[in-house]
Amino acid sequence: NLIIETLLGIYVVCFLPGLYPVSCETRGSDLKQDEVLVLCPPDCLQVRPSVFGSDVYAAISSICGAAVHRGILGPSGGPVRLQKQQGRRSYVSSYANGIHSQALHQWTASFHLSKTVDAPLELTNSARATAQPAATRPADCQMDIAIIMDSSSNIGQRRFNLQKNFVTKLAAMLRVGPTGPHLGLIQTSDSPRTEFLLTNFTKPKELLFAIKELKYLGGDTNTGKAIMHAAEVFFTPGNGVRRGHPRVMMVLIDGWPSDDVERAAMLARESGINVFMVSVSKPAAEELSMVQDKDFLKKAVCKDNGFFSYSIPSWFSNNKHVRPLAQRLCSLDDLLCSKTCYNSVNIGFLIDGSSSVGWQNFQLVLDFLAGIAQSFDISDVGAHIGAVQFTYEQRVEFGLLDHSNKEDAVRALRRISYMNGGTATGSAISYATQNLFRQAARGRNYLIVITDGQSYDDVQGPAMAAQRQGITIFSVGVAWAPMKELLDMASEPKDKHTFFTREFVNLSEFIQPLVRGICQAFTENN
Ligand SMILES: *[C@@H]1O[C@H](CO)[C@@H](O)[C@H](O)[C@H]1NC(C)=O
Ligand SMILES: *[C@@H]1O[C@H](CO)[C@@H](O)[C@H](O)[C@H]1NC(C)=O
C-alpha cells in the first residue's frame with residue numbers, strides 16, 4: 001500500500017486495493033466490509049457530522065467525523081482504517097478535537113478506527129497535536145448545569161457560608177465558558193429562587209463573584225419544589241439552555257428535605273435532566289424521627305445506580321470532594337438516566353379503517369394520533385413511530401424507521417388515506433406485531449389500537465401473543481367499540497391501558513393521558 005501526500009495536500013493513491021473513497025457523511029453502517037481502508041475528504045469538521053460514542057463508535061456514526069473526533073484525521077482528510085465490531089449496550093459521549101460525540105443507549109453494530117499504520121506518511125501535524133484520548137476531564141465539559149443550593153433554616157447562616165465556599169471551588173474547577181460548561185444557580189427555601197441563569201455569567205471571574213454575593217434566605221427545605229422549578233422553568237430554551245448539550249442538576253441538601261423529592265426528581269429525569277443529589281451532614285440518629293422518608297436520597301436518583309448520589313459527612317471536610325464531584329458532573333459515561341420515554345420508545349398505531357368510521361371521523365383519528373406523535377422526540381436515534389391501517393385487510397402505512405424526524409412522521413400520518421371496509425382487529429394485531437416491530441425490546445415497544453366497532457375475529461389471542469413479545473398495548477375505543485374487546489386487548493393493569501369515548505371529537509382529550517401512560521410504562525420497565 002502506498003499513499004503519498006503531495007505538497008498541495010492531495011492524496012495520491014497508488015496501487016491500493018480496497019481503498020474506499022467516502023464522504024464526510026458516510027456512516028459505518030453504509031459499508032459492507034468488516035475491515036476496510038477508507039479515504040476521507042478534507043474539512044469534515046465543517047459539516048458537523050453526527051458521531052455517537054468515543055473510541056468505539058455506533059455504526060450510525062459518520063466515519064470521517066469519528067476519525068476527526070478520535071484525533072486521527074486532520075483538516076486535509078486522508079486514509080483511516082475501519083474495523084466493524086459488535087453492538088454495545090451504551091456509547092459514551094465526549095468532546096474532542098472540535099467534535100462533540102453523543103451518547104447512545106444501545107446500537108446493534110459498532111466500529112473502531114485506527115491510523116493506517118502501513119501508510120508511509122503520517123497525518124498532518126495539527127491532527128497529531130490535538131489528538132487526545134476522549135477525556136472526561138472537566139476541561140472538556142459541555143454541560144448545562146443547574147446548582148440547587150440549600151438556603152433553608154436547616155442549614156443556618158454559618159454552614160450556608162461554608163456551602164458557598166464549596167460551590168465556589170466547584171465552579172472554579174468547572175471553568176465555565178462559551179465552549180465549556182454553563183452554570184446557573186437556584187436556592188432552596190420555602191419557594192425556589194433563581195439567582196442566575198445559565199447565560200448570565202460565562203466568565204469564571206464573574207460567576208465566582210456572583211456566588212460570593214448570594215444571600216442566605218432561611219425557611220423550609222422545599223427541595224422538591226426547587227427541582228420542579230429547575231425542570232419546568234430554569235431548563236427552558238427561553239432561559240438559555242443550549243441545544244444538544246447535556247443537562248445536569250446538582251442538588252445540595254443539608255440534613256433532609258421538607259417536601260417530596262422523589263416525584264420531583266422523577267419528573268426532572270423524564271424531561272431529560274440528569275439529577276445528582278449531594279447530601280451533606282446526614283440526619284443524626286436522634287433526628288431521624290423527623291425525616292419523612294429516610295431513603296429520600298436513594299429514591300431521588302436514577303435507580304440501581306450509585307453514581308448519582310454523593311454523601312459528604314460535613315461541610316468542614318469538603319475540599320477533597322470538589323474534584324470527584326466536578327468529574328462526575330462532567331462525565332457523560334453514566335448519564336443513561338437522561339434516556340426518557342420521549343426519546344426511546346417505538347410506537348405503532350393500528351388504525352381502524354372500517355366503513356363505519358367515515359371519512360370525516362377518520363381525519364379526527366389522524367389528528368388524535370398526530371397529537372400523540374407530537375409529544376415524542378422522533379429521530380433515527382430517538383423515538384420511532386409507525387402505522388398500520390386495517391379493515392379485513394392490513395396495510396403498513398409507514399414503518400418505524402421510515403421517518404427520521406417529527407415533521408416527516410406527522411406529515412405521513414396526516415396523509416394516510418382511508419381504506420373503508422370491514423373490521424378484523426385480531427388479525428391486524430398479529431400483522432402489526434410481525435410487520436411493525438421486528439426486534440423484541442421489552443419496555444420500548446407500544447401499540448395503540450384504535451377502533452370504532454366490534455371485531456369480526458378474536459382479539460384476545462393475538463393481543464396476548466403480542467404482549468408476550470414485549471409489546472405494551474393501549475386500546476382506544478370510539479362509538480360502538482365493545483368495552484369487553486378493549487379490555488381483552490389492553491395490557492395490564494387494564495384500566496390504565498384502555499380508553500373509550502362515544503364521540504370522535506372527544507378523542508383529543510386522551511392525548512395527554514395516553515402519552516403519560518406510555519411514559520409511566522416505560523419508567524416501570526426500564
Ligand atoms: C440574567 O439574564 C436574564 C435574561 O437575560 C436577566 O433578566 C437577569 O436579570 C439576569 N440576571 C442576573 C443576575 O444578571
Ligand atoms: C366532548 O367534547 C365536547 C366538545 O369539545 C364537549 O362539549 C363535551 O363535554 C365532551 N364530552 C365528554 C364526555 O367529555
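Predicted model: local features only at pLDDT ≥ 70, side-chain atom pairs only at ≥ 80, totals over all residues.

Trainee: What makes strand 11 count as mostly covered?

Mentor: A residue is called buried if 20 or more other C-beta atoms lie within 10 Å of its own. In strand 11, residues 144–150, seven of seven residues are buried, so each of them meets that cut-off.

Trainee: And how do you know that both faces of strand 11 are covered?

Mentor: In a regular strand, side chains alternate between the two faces of the sheet. Asp144, Ala146, Ile148 and Asp150 sit on one side of strand 11, with Ile145, Ile147 and Met149 on the other, and all are buried.

Trainee: Why is strand 11 said to pair with strand 12 and with strand 14?

Mentor: Pairing takes at least two bridges. Strand 11 has seven bridges to strand 12 (residues 182–188) and five to strand 14 (residues 247–254), so both count as pairs. Each of these pairings is parallel.

Trainee: Which residues stand opposite isoleucine 148 in strands 12 and 14?

Mentor: Isoleucine 186 in strand 12, and valine 251 in strand 14.

Trainee: Why is the unit of strand 11, helix 3 and strand 12 called right-handed?

Mentor: Look with the strands pointing away from you: the path from strand 11 over helix 3 (residues 156–174) to strand 12 runs clockwise, so this β-α-β unit is right-handed.

Trainee: And how much of the whole protein is buried?

Mentor: Buried residues are 46% of the 526 in the protein, which has 15 helices and 22 strands.

Technical notes:
Residues numbered from 1 in each chain as written. Chains lettered and ligands numbered in written order. Buried ≥ 20, exposed ≤ 12 C-beta atoms within 10 Å, placed from the backbone. Helix = DSSP H or I, 4+ residues; strand = E, 2+ residues; numbered from the N terminus.
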